[in-house]
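Dear colleague,

Please find below the structure that I am handing over to you. My notes on what was found in it follow directly after.

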Amino acid sequence: MMARPIFHNAFCDLLGIEYPILLAGMGVGGRATPPRLVAAVSEAGGAGVLGCSGLSPEETRRRIREVRSLTDRPFGVDLLLPVRIADAPDTRSGVREEIRRRFPEHAAFVQTLIQRYGLPEARPADETVVNIEYAKRVLEVVFEERVPLFAAGLGDPEFLLPRARAQGMKLIGLSGSVRNAVRQQKSGVDAIVAQGTEAGGHTGTVATLPLIPQVVDAVSPTPVLAAGGIGDGRGIVAALALGAQAAWLGTAYLVAEE
Ligand SMILES: Cc1cc2nc3c(=O)[nH]c(=O)nc-3n(C[C@H](O)[C@H](O)[C@H](O)COP(=O)(O)O)c2cc1C
C-alpha cells in the first residue's frame, strides 16, 4: 500500500507504520481494545495498542497471539505500571481499605452516591491487583512475545529500557504534564504521549490544546503523540499542527463495531 507522504513522518518510520494514528491502550478489564480492533487499526496502517491493564499474564499472552494471528504489522501493549511499589497492597480489598484510610472524604462521597442512587456496593474479587510482582509477570510476557511497542500508562518505564533496546521494542510513556514529560524524556523513552485532561482518567489538569505545544517544545526532538479529545481527522490534523508527530485516540474507537 502506498503511504500518503503528507501524513507519513519520522515517527511512522520509527514504528514502521504508514499513518501517525494510534489506538490508545485502554484497559477496563480488556473490554475496550479487543485484539480484532487492535489488529484492524494496525492493518489499516496505524498502530493498535492492546490495553492489558488488569489482565492476567496468561490472558495477556493469549491476546497478543490473537493480534499476531490477524496482522503481521506493528502493534503495542499498554500497562498501568505501579507508581509506588514498595508498600502497595496485594489485593483488591487491601486497596479499598487503603483508599478508605488515606482518602476518607472521597470514600464518604462515594458512599453518598451509592445511597442516593440505590447502587449496590462493589464487591471486587479478592485477587491480586497491580503490584510489582504482577506487573513483572505481565511484562515478562510482553518481552517474551516480542511485542514491537510498549506504552506505560502510569509509572516510570525507565527500568525497561535496556531490555527493550536489546530486542528492538519501542517504549512510550504517557504524561499529563510538562514536568513528567521531561522526566520521561530524560530517561530515554522513544516517544511521549502528551495526554490532555480531556483524556480522562490518569491525566493532569492541563487541556490538550495548551499541553501539546508545551510538551513538544520541552522534549524536542523526542516525538510527541497528542491525546485527549481527538475525535476525527480534523483533530488529528490539529494535533500535527501543534507539533505532535502522531495522534493517540481512545474514546473515538470505543464506538467501533466488533
Ligand atoms: C475507557 C478508557 C480506558 C482507558 N484505559 C487506559 C489504560 O488502561 N491505560 C492507559 O494508558 N490509558 C488508558 N486510557 C487513556 C487513553 O490511553 C488515552 O489517553 C485517551 O483515551 C485519549 O483521550 P480520548 O479518549 O479523548 O481519545 C483510557 C481511556 C479510556 C477512554
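By class, how many nonpolar, polar and charged residues does the lining of the second largest pocket have? The lining has 11 nonpolar, 15 polar and two charged residues; Ala, Val, Leu, Ile, Met, Phe, Trp, Tyr, Cys and Pro count as nonpolar, Asp, Glu, Lys and Arg as charged, and the others, Gly among them, as polar.

Please note that this is a predicted model, in which local features need pLDDT of at least 70 and side-chain atom pairs count only at pLDDT 80 or more, while totals for chains, interfaces and linings use all residues. Residues are numbered from 1 along each chain as its sequence is written, and side-chain values use heavy atoms, with hydrogens and water left out.

The pocket

A pocket is an open set of points on a 1 Å grid over the protein atoms alone, where a 1.4 Å probe fits, with protein on both sides within 12 Å along at least five of seven lines; lining residues have an atom within 4 Å of a point. The second largest pocket holds about 550 Å³ of space, a volume being the space filled by probe spheres set on the points, which are joined across faces, edges and corners. Of its 28 lining residues, Gly25, Met26, Gln195, Ala199 and Gly200 lie nearest the centre. Strand S3 (75-80), strand S8 (246-249) and helix H11 (251-254) are the elements that give two or more residues to this lining.

The protein overall

The secondary structure comprises 11 helices and eight strands, taken as DSSP runs numbered from the N terminus (helices H or I, at least four residues; strands E, at least two). Of the 258 residues, 43% are buried (under 20% relative accessible area; exposed is over 50% and partly exposed in between, with a 1.4 Å probe and protein chains only).

A cis peptide bond, with omega about 10°, joins Ser220 and Pro221. Thr222 counts as buried because its relative accessibility is 15%. Beyond its neighbours within four places in sequence, Thr222 is in contact (heavy atoms within 4.5 Å) with Gln185, Val189, Asp190, Ala191 and Ile192.

Arg146 is found in the loop between helix H6 (132-144) and strand S4 (149-154). Although not a glycine, Arg146 has a positive phi of about 50°, and at a relative accessible area of 49% Arg146 is partly exposed. Most residues other than glycine have a negative phi, and most peptide bonds are trans.

With kind regards
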